[in-house]
Amino acid sequence: MPTLEFKGKQHIYAHHLTVPYRSLVADPERSLNPADADDNLIIHGDNLRALKALLPRYAGKVKCIYIDPPYNTGNEGWVYNDSVNSPLMGEWIKKNSPVDGEDLERHDKWLCMMWPRLHLLKELLADDGAIFVSIDDHEQHHLRMLMDEIFGESNFISTIVWHKMDSPKNTAIHISGDHENIHIYAKNSRTWRPNHLPRSEKCWPDTKTQTTTLADLGC
């Protein structure tokens with residue numbers, strides 16, 4: 001299977017294994033039940049450390065994961081601050097930080113940021129679980145190759161293309177983009193199945209007599 005090569009990959013290849021485990025500490029002032037770590041959790045902190053802190057309790061138990069990483073459009077100014085044990089990596093990260101459109105290596109840095117997080121997210125997934133990742137056209141092709149390598153090409157389910165706007169942008173120079181993507185990968189495509197909602201007359205009207213869309217019906 002083809003793999004994606006990018007600057008810094010050799011330094012972060014096993015970084016998810018070296019991130020130390022940290023205990024989740026409840027904030028009594030913001031918690032309904034600080035002693036119950038199995039309740040709904042809102043975690044404040046670095047997401048890579050948070051994912052590693054969740055592993056002891058939730059590894060292999062999560063049925064559905066949705067993430068919305070930086071789209072890396074060049075306008076977000078996101079910061080790559082992972083503590084990779086490499087002086088060369090440290091110097092490279094300091095350049096053009098936060099990462100913006102002037103950084104010619106912003107795609108490499110984005111891939112370095114995503115690699116260890118996707119590995120930890122895969123460990124959290126149950127055997128019949130799936131991960132959904134929102135992305136736009138700036139990185140969707142890189143993300144597909146990255147996830148093929150981490151999750152396995154055979155576990156790719158589909159890419160959902162969703163229509164995000166109805167009217168074109170007057171400021172568009174070439175073509176006004178009106179969509180974004182959601183890549184779906186299963187932990188194991190042989191066992192993962194979507195939970196289909198039952199069909200009803202409300203959500204599946206007679207197309208011969210009605211033109212109402214599913215979105216209009218809230219379905």
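A residue counts as buried here when its relative accessible area is under 20%. Keep that cut-off in mind as we walk through this structure, which is a predicted model.

Let's start with H183, which sits in strand β4, residues 179-186. Its relative accessibility is 1%, so H183 counts as buried. What does the side chain of H183 pair up with? The H183 side chain makes a polar contact of 2.8 Å with the side chain of T159.

I131 makes a handy next stop. Again leaving out neighbours within four places in sequence, I131 is in contact with I65, L118, L121, L125, M147, F151, H183, I184 and Y185. Which members of the largest nonpolar core touch the most other members? Among its 38 residues, those are Y80, L118 and I131. Two or more residues of this core come from each of α3 (47-58), β1 (62-67), α4 (87-94), α5, β2 (125-135) and α6. The biggest giver is α5, with ten residues.

That brings us to α5 and its packing against α6. Two packed helices are described by the angle between their axes and the distance between the axes. For α5 (residues 106-124) and α6 (residues 140-151), the angle is about 35 degrees and the axes are 10 Å apart. Their crossing is right-handed. On the α5 side, the residues that meet α6 are H107, W110, L111, M114, W115, L118, H119 and K122, while α6 brings H142, L143, L146, M147, E149, I150 and F151.

Step past α6 and you reach N155, in the loop between α6 and β3 (156-163). Is N155 buried or exposed? Its relative accessibility is 10%, so N155 counts as buried. A polar atom of the N155 side chain lies 3.4 Å from the backbone oxygen of K187. Beyond its neighbours within four places in sequence, N155 is in contact with I184, Y185, A186, K187, N188 and S189.

For a contrast, look at S23, in the loop between α2 (15-18) and α3. With a relative accessible area of 68%, S23 is exposed. S23 and A53 are 30 residues apart in sequence, yet their C-alpha atoms are 5.9 Å apart in space.

Notes:
Residues numbered from 1 in each chain as written. Predicted model: local features only at pLDDT ≥ 70, side-chain atom pairs only at ≥ 80, totals over all residues. Heavy atoms only, no water. Axes fitted to C-alpha atoms, helices over the stretch in contact; angles between N-to-C directions. Helix = DSSP H or I, 4+ residues; strand = E, 2+ residues; numbered from the N terminus. Left-handed = near helix turned anticlockwise from the far one by under 90°. Contact = heavy atoms within 4.5 Å. Core = buried A, V, L, I, M, F, W, Y, C linked by side-chain atoms within 4.5 Å. Buried < 20%, exposed > 50% of the residue type's maximum accessible area, 1.4 Å probe, protein only. Polar contact = N/O pair within 3.5 Å; in protein donor to acceptor, adjacent residues only side chain to side chain.
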